[in-house]
Amino acid sequence: MANIDPWAFAASYLDPPPYEPEWLRPNPDPNFKGEPSRLYVDTDSGLTFIRDRARPKQRPPEGSFFIWCVLAGRGFGKSRTGAGWIDYVARQKCVPGEQVLIAGRTPADVRDYALLGKGGLLTNYPDIQYEPSKRLLTWPNKVTALIRSGANPEEFRGFSGQYAWIEELAAWQYPDECWSNLMLGMREKDPRICITTTPKPIPLLRMIMKLPNTIIIKGSSFENAPNLAKSWVENVLNPLKGTRKGRQEVYAELLEDVEGALWRLLTDPETGIPGIDALRTPYKSKLPTLVRTVVGVDPQGVKKDGSMTGIVVAGIDANGRGYVIKDASINGTPGEWGKRVIKMYHRYQADRIVVEKNYGGDMVESTLRTIEKNIPITLVNASGGKIIRAEPVAALYEQFKVLHHGILTKLEDEMIFYEGDGNSPNRLDALVWALTDLMLKKRKRGGTWGTRSKFVKR
Ligand SMILES: Nc1ncnc2c1ncn2[C@@H]1O[C@H](COP(=O)(O)OP(=O)(O)OP(=O)(O)O)[C@@H](O)[C@H]1O
Ligand SMILES: [Mg+2]
């Protein structure tokens with residue numbers, strides 16, 4: 001104790017030394033003295049970058065801004081960017097006891113990607129304490145972070161602070177409602193928000209991008225390629241090059257709509273053809289009474305990466321309007337997807353399971369019957385092209401005859417991106433089977449016993 005200068009001690013307490021994490025040190029850095037294996041040459045710019053330091057696009061902007069919007073492709077390092085920023089502001093800009101906010105698509109997504117993923121906050125700053133049950137983080141300086149999700153707008157009420165990190169906003173279920181509640185809370189000294197997301201042309205994002213105090217940074221997945229698994233780059237990123245989907249998911253272009261696709265996200269201003277965004281049940285509204293509900297299934301061959309069994313639940317009301325209620329698709333073994341299908345059948349009190357039998361028809365049926373013997377199944381044949389099957393269903397949307405109950409992001413992505421070739425969109429196929437059965441199949445009302453019973457309200 002004898003050697004401590006009391007004035008220096010008091011000064012450091014009142015004005016703590018700046019926090020200089022490795023992440024925010026200069027990059028490139030000609031004076032770099034660390035491990036040489038951390039250096040790599042960026043092929044586009046020719047610059048020598050240092051691994052595990054923010055590349056220039058990952059650094060918080062200098063000067064004042066309200067929203068810093070990082071729109072970048074898959075694997076760009078978006079989560080790492082947001083994690084580095086929120087950690088910096090929590091340690092350097094906040095006073096003890098101050099609260100920041102971290103929000104992602106769902107509670108599980110925040111945990112798995114924003115916190116515990118490779119680019120996540122806890123992975124890179126392990127001295128932060130995490131209390132999952134309270135959905136709370138605490139930094140050593142007693143600054144805390146509330147964890148919230150785009151699945152529950154009410155949770156944003158009650159937060160009041162300066163800093164928020166918003167992950168994958170374009171994929172949230174209730175972006176508008178969450179955002180307006182968040183805005184009410186961003187009322188302390190110098191509020192700042194960092195949004196890290198792969199973009200989609202949702203109205204909220206387009207509005208945010210136009211705000212005068214928004215700084216937009218765009219990046220492609222390939223900018224982070226040296227820090228990604230080679231096999232992921234080869235098997236996932238490379239095949240997306242040159243596709244419309246790749247323009248959004250890899251190059252982060254804000255595609256308004258896909259030419260040649262059967263569905264649009266936004267209403268066409270010229271023709272007035274409604275986009276899926278205009279065809280949703282209002283937030284928090286209940287479904288009307290459905291007179292018939294089915295589970296559409298497009299089974300996968302085997303469980304493997306990139307494969308999927310499409311499972312979509314849809315129903316129809318007394319006025320003949322269709323409702324897409326749930327996308328429960330899963331990458332699973334026959335036993336796994338079979339169980340999920342039967343679970344959906346019971347949960348939504350469905351009348352029938354409509355399942356594609358293009359491969360091993362018997363196997364598909366027996367998979368389901370092994371789990372539950374007396375279940376009503378219709379096997380459908382996938383003859384003709386996918387586009388030909390999907391077109392009449394798309395026409396129902398154009399006539400405002402189908403509504404989505406909430407936002408079904410992954411299914412809707414397949415709907416707006418499918419151009420007729422490439423990977424098989426199983427969610428879309430399951431949707432087409434369900435809606436075809438509900439809305440396009442000719443039924444003999446009052447005819448045979450079998451068909452009549454289907455119209456009896458449950
Ligand atoms: N500057 C960097 N130096 C070294 N590694 C990095 C850097 N930026 C990101 N990474 C690493 O690259 C990987 C991908 O980063 P991250 O998960 O943040 O990307 P993402 O854009 O959020 O991906 P996704 O689209 O899957 O959400 C992680 O392992 C992360 O640690
Ligand atoms: Mg991420």
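**Reading helices, sheets and a ligand shell**

Reader: Why does helix α13 count as largely enclosed by the rest of the structure?

Author: Because 12 of its 15 residues are buried. The buried ones in α13 include N426, R427, W433, D437 and L438. This is a predicted model: local features need pLDDT of at least 70, side-chain atom pairs need 80 or more, and totals for chains, interfaces and linings use all residues. Residues are numbered from 1 along each chain as its sequence is written, while chains are lettered from A and ligands numbered from 1 in written order.

Reader: How do I read the strand order of the six-stranded sheet?

Author: Strands pair through backbone hydrogen bonds, parallel or antiparallel. Here a pair needs at least two DSSP bridges. The six strands run β15-β14-β11-β12-β13-β16, open and with mixed pairing. β15 (377–380) and β16 (402–404) stand at the edges with a single partner each, so one side of each lacks a neighbour in the sheet. The twist averages 25° from strand to strand. Angles are taken between N-to-C axes fitted to C-alpha atoms, from 0 to 180 degrees.

Reader: How many bridges join β11 to β12, and do they run parallel or antiparallel?

Author: Eight, and the strands run antiparallel. β11 covers residues 290–298 and β12 covers 310–317. One bridge couples V295 with V313 of β12.

Reader: Which strands form the eight-stranded sheet, and in what order?

Author: The order is β5-β6-β7-β4-β8-β9-β3-β10. This sheet is open, with mixed pairing. The edge strands, β5 (129–131) and β10 (214–219), each pair on one side only. Y163 stands opposite R192 in β9.

Reader: Which residues are the closest to ligand 1?

Author: A residue joins the shell if its C-beta atom, placed from the backbone, lies within 6 Å of the molecule. The shell here has 21 residues. G77, K78, S79, K118 and G119 are the closest.

Reader: Which helix gives the most to that shell around ligand 1?

Author: Helix α2 (residues 78–93), with three residues.

Technical notes: Helix = DSSP H or I, 4+ residues; strand = E, 2+ residues; numbered from the N terminus. Buried ≥ 20, exposed ≤ 12 C-beta atoms within 10 Å, placed from the backbone.
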